[in-house]
Amino acid sequence: MRFDILTLFPDLFEGFLSESILSAAIASGRVTINLFNIRDWAHDRHATVDDRPFGGGPGMVLKADRVVPCVEEVQAMASPGHLVMLTPTGRVFNQRAAECFAEKQRIVLLCGRYEGFDQRISDLLSPDELSIGDFVLNGGEVAAMVVIESVIRLLPGVLGDEDSARTDSFSSGNRLLEEPVYTRPREYRGLEVPEILLSGNHQAVDAWRQEQRLLRTRQRRPDLLRGGDPGAAKDAGCPE
Ligand code: ADE
């Protein structure tokens, strides 16, 4: 699977791409990631990528005449990918969208900074506008990392079997939060591991885990038990 990231701050991705599961996925050839600096499409003397908003107001707006040619050129480098614009005004990303993205050959991620993108970027390119939650980041880079990480762990062979993503909370067919887990020591600062986990009775352990999942979900995320995601009407479904 191929990701192309369009950003003003490609260096932000350095550590992210060179560590752990993602770097192994890249080394194995299962994932390819290309970084492009939007500023390389600014041909004026000051390499301008943003300007003041028409009508006044705070902050700077990313210029359509930099971003649109950048996206078009990157898209033309291979069979065009699913274009994602990271923005707090997009529909909310979730596990279902991650599952759907994992089926795609290529995803192009457009990261903004400043006050936002000139609206004509969306008008001309019709990107899939995605938010990773109801909070505002300084830019789309961290959001792009969230999307990439949640997608690549679903690709065959990326996680070892013991880390399998199949049973993750929020995956299709599992709408429960994960149960509490424990490892050695059996007692720590007076807190004991639940006896049942030491019993060796696998059926009883499974039943306990399921009960804990239900209990946790009821306490922390009752909305999941009602069958809807928060914001289900506008969540990130499965676009073409
Ligand atoms: N850029 C700034 N805030 C964001 C968010 N919540 N999701 C995606 N991109 C963003």
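Start with the shell around the ligand: by class, it has eight nonpolar, five polar and no charged residues. Here Ala, Val, Leu, Ile, Met, Phe, Trp, Tyr, Cys and Pro count as nonpolar, Asp, Glu, Lys and Arg as charged, and the others, Gly among them, as polar. The model is predicted: local features need pLDDT of at least 70, side-chain atom pairs count only at pLDDT 80 or more, and totals for chains, interfaces and linings use all residues. Numbering runs from 1 along each chain as its sequence is written, and side-chain values use heavy atoms, without hydrogens or water.

Next, select Thr 87, Ile 132, Gly 133, Phe 135 and Leu 137. Of the 13 residues around the ligand (a heavy atom within 4 Å), these come nearest.

Now show the polar contacts (pairs of N or O atoms within 3.5 Å). A backbone N or O atom of Ile 132 sits 3.0 Å from a ligand nitrogen. For Leu 137, a backbone N or O atom is also 3.0 Å from a nitrogen of the ligand. At Gly 133, a polar backbone atom lies 3.2 Å from a ligand nitrogen. Alone, the ligand exposes 260 Å², and the protein buries 96% of that (Shrake-Rupley method, 1.4 Å probe).

Colour the strands (DSSP E runs of at least two residues, numbered from the N terminus). Strand 5 (82-92) and strand 8 (128-131) each supply at least two shell residues. Strand 5 gives the largest share, three residues.

Three strands form it in the order 3-4-7, with mixed pairing (at least two DSSP bridges per pair). Its edges are strand 3 (50-51) and strand 7 (116-117). Finish on Val 61: its bridge partner in strand 7 is Gly 116.

Definitions and conventions. Polar contact = N/O pair within 3.5 Å; in protein donor to acceptor, adjacent residues only side chain to side chain. Helix = DSSP H or I, 4+ residues; strand = E, 2+ residues; numbered from the N terminus.
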